[in-house]
Amino acid sequence: IYRRTMQVHMDKLEEAMKIATEQAKIFKDLTGNDELVSFQIGGNPRTIRWTTIGDMMTGDAMEMDAKISADPRMIDSMKKMQGVFVEGTIQDEMRVVFN
């Protein structure tokens, strides 16, 4: 399981959800894998989390990352994040499911 969480500026949650959903669709187009996008209820609701569940150790992960990072749609989508997501708040987590 891979999770990336970022904080969102106070009045930008709806815009952040649109951007994150757009990025999940691009991710699906490029990798064939689903990416779940969510926001928290309770606690800090001004966060967006992308979650990918699956075997991330197959194939060439660095090659896939380079492909996603170089995709013009993803580059355009990432530019939209400025002023919506709080810079410096990325938290990445990779977990191994063992059952």
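Methionine 17 sits in helix 1 (residues 13-31); helices are DSSP runs of H or I with at least four residues, strands are E runs of at least two, and both are numbered from the N terminus. The model is predicted: local features need pLDDT of at least 70, side-chain atom pairs count only at pLDDT 80 or more, and totals for chains, interfaces and linings use all residues. Residues are numbered from 1 along each chain as its sequence is written, and side-chain values use heavy atoms, without hydrogens and water.

**Surface**
- Methionine 17 is partly exposed, at 31% relative accessible area (buried is under 20%, exposed over 50%, partly exposed in between; 1.4 Å probe, protein chains only).
- Met17, Phe39 and Ile41 make a nonpolar surface patch of about 320 Å².
- Patch residues have over 30% relative accessible area and no salt bridge; nonpolar side chains (Val, Leu, Ile, Met, Phe, Trp, Tyr) are joined within 5 Å, like charges within 9 Å.

**Nonpolar cores**
- The largest nonpolar core has 10 residues: Met6, Val8, Ala16, Ile19, Ala20, Ile48, Trp50, Met81, Val84 and Phe85.
- A core is a set of buried Ala, Val, Leu, Ile, Met, Phe, Trp, Tyr and Cys residues joined through side-chain atoms within 4.5 Å.
- Helix 1 and strand 3 each supply at least two residues of this core.
- Helix 1 gives the most, with 3 residues.
- Apart from this core lies another of 5 residues, including Ile26, Leu30, Ile68 and Met74.
- Valine 8 touches Leu13, Ala16, Arg46, Thr47, Ile48, Val84, Phe85 and Val86, not counting residues up to four places away in sequence (contact means heavy atoms within 4.5 Å).

**Loop between helix 3 and strand 4**
- Threonine 89 lies in the loop between helix 3 (72-79) and strand 4 (91-94).
- Threonine 89 is buried, at 15% relative accessible area.
- Its side chain reaches the backbone nitrogen of glutamine 7 at 3.0 Å and the backbone oxygen of valine 86 at 2.7 Å.
- Beyond neighbours within four places in sequence, threonine 89 is in contact with Thr5, Met6 and Gln7.
- Glycine 88 lies in this loop too, but counts as exposed at 79% relative accessibility.
- Glycine 88 and methionine 6 are 82 residues apart in sequence and 8.4 Å apart in space, C-alpha to C-alpha.

**Strand 3**
- Threonine 52 lies in strand 3 (residues 47-52) and is buried, at 5% relative accessible area.
- A polar contact of 3.4 Å joins the side chains of threonine 52 and glutamate 35 (N or O atoms within 3.5 Å, one able to donate a hydrogen and the other to accept it; residues adjacent in sequence count only if both atoms are side-chain atoms).

Key:
Accessible areas come from the Shrake-Rupley method with a 1.4 Å probe; for residues, only the protein chains shown count as cover. A salt bridge is a side-chain nitrogen of Lys or Arg within 4 Å of a carboxyl oxygen of Asp or Glu.
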